[in-house]
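Dear colleague,

I am passing on to you the structure that follows, together with its sequence.

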Amino acid sequence: MKIPILSELHAEGKKPEILFWVGCAGNYDARAQKITRAFCEILNNIGLSYAILGEEEKCTGDPARRAGNELLFQMLAQQNIETLTNYGIQKIVCTCPHCFNTLKNEYPALGGIFDVIHYSEFLDLLIKENRIVIQEQPRQKITYHDSCYLGRINGVYQAPRSIINSLKHDLIEMKRAKQNGLCCGAGGAQMFKEEEPGSKRINTERAEEVIKTNANAVVANCPFCITMLQDGLKEKNAQDQMMVYDLAELILQNQK
């Protein structure tokens, strides 16, 4: 699959409609790379003009800032802002809600002002504009996990649910959803450090709530949530009865 690199388009005098910010997980984690490919395949299928930075993309600095390393965050942010500004980038789409939150809410204070949108809102818009055409598949019972950085921090709850409804699947809400949604256990740089002592891992408790819905699948919009949910379901020996999908993967299954 051909994924356009921004520097190559720039050398040809071309400017993409959007910059796709891949993020650390989407670049390096094997499971998250599947999400990256699914999102790019959707864009390729509809002929949307996009590009990625490739090797020029640095970490947004989100994990560094959450872990208390403000200097490293600001160094990474300044490098990214300079790169994006030099290319004249205006619109950025992120598949990772951590990157989305940092680019949208924290870069402006450092001079990086861009139009940043999470891919759930972007794909929902493309479906509503009929640029992504859906073909009906056998209905599935699906539950949806709100990621903290998209949900509680940025208040985006409707777009992912709108996509699931557009795909004609039956959405089953968990008891803790939307503003009361439960963290997957990886946010705030928890993915990269030892867990605090406790009686139960957070993703184990979330996996138990997922299983209680009796859905066929759980859908999320964050590479870290996907990993934590998969690990939690595996711990409960439920990985074969409950599939874990990213929103882009679910759309790709239904895209004409």
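This is a predicted model: local features need pLDDT of at least 70, side-chain atom pairs count only at pLDDT 80 or more; totals for chains, interfaces and linings use all residues.

Strand S3, residues 91-94, pairs with strand S4, residues 115-118, in the parallel sense, and four bridges join them. Within this pairing, valine 93 has isoleucine 117 of S4 as its bridge partner.

Helix H6 covers residues 97-106 and includes asparagine 101. Is asparagine 101 buried or exposed? Its relative accessibility is 4%, and asparagine 101 therefore counts as buried, the cut-off being under 20%. Apart from neighbours within four places in sequence, asparagine 101 is in contact with Arg66, Glu106, Tyr149, Ile153 and Asn154. Two of these contacts, Arg66 and Glu106, return below as members of a salt-bridge network.

Nonpolar core

The largest nonpolar core holds 76 residues, and those that touch the most other members are Trp21, Phe39, Ile92, Phe122 and Leu123. Helix H3, which spans residues 30-46, gives the most to this core, namely seven residues. For phenylalanine 39, the contacts beyond four places in sequence are Phe20, Val93, Thr95, Tyr119, Phe122, Leu123 and Ala248. Among them is Val93, the residue bridged to isoleucine 117 in S4.

Helix H7

Why is helix H7 described as largely enclosed by the rest of the structure? Of its 10 residues, numbered 119-128, seven are buried, and the helix is so described because of this. The buried residues of H7 are Tyr119, Ser120, Phe122, Leu123, Asp124, Leu126 and Ile127. Of these, Tyr119, Phe122 and Leu123 are in contact with phenylalanine 39. After H7 comes asparagine 130, which has a positive phi, near 60°.

Salt bridges

How many salt bridges does a search of the whole structure find? The search gives 18. Three of them may be of particular use to you.

Glutamate 17 and arginine 131 form a salt bridge in which the closest N and O atoms are 3.6 Å apart. Glutamate 17 sits in the loop between helix H1 (6-11) and strand S1 (18-21), whereas arginine 131 sits in the loop between H7 and strand S5 (141-144), so the pair ties together parts that are 114 residues apart in sequence. Both residues are partly exposed: the relative accessible area is 39% for glutamate 17 and 34% for arginine 131.

Aspartate 170 forms a salt bridge with arginine 139, with 2.7 Å between the closest N and O atoms. This pair also links distant parts of the chain, since aspartate 170 belongs to strand S6 (residues 170-172) and arginine 139 to the loop between H7 and S5, 31 residues apart. Aspartate 170 is partly exposed, at a relative accessible area of 32%.

Glutamate 70 and arginine 65 are likewise joined by a salt bridge, and their closest N and O atoms lie 2.7 Å apart. Glutamate 70 is partly exposed, with a relative accessible area of 31%, and arginine 65 is partly exposed at 27%. Both belong to a network of salt bridges that links Asp62, Arg65, Arg66, Glu70 and Glu106.

With kind regards

Technical notes
Residues are numbered from 1 along each chain as its sequence is written. Side-chain values use heavy atoms; hydrogens and water are left out. Helices (H or I, at least four residues) and strands (E, at least two) are DSSP runs, numbered from the N terminus. Buried means under 20% relative accessible area, exposed over 50%, partly exposed in between (1.4 Å probe, protein chains only). Contact means heavy atoms within 4.5 Å. Two strands pair if DSSP finds at least two bridges between them. A nonpolar core is a set of buried Ala, Val, Leu, Ile, Met, Phe, Trp, Tyr and Cys residues joined through side-chain atoms within 4.5 Å. A salt bridge is a side-chain nitrogen of Lys or Arg within 4 Å of a carboxyl oxygen of Asp or Glu.
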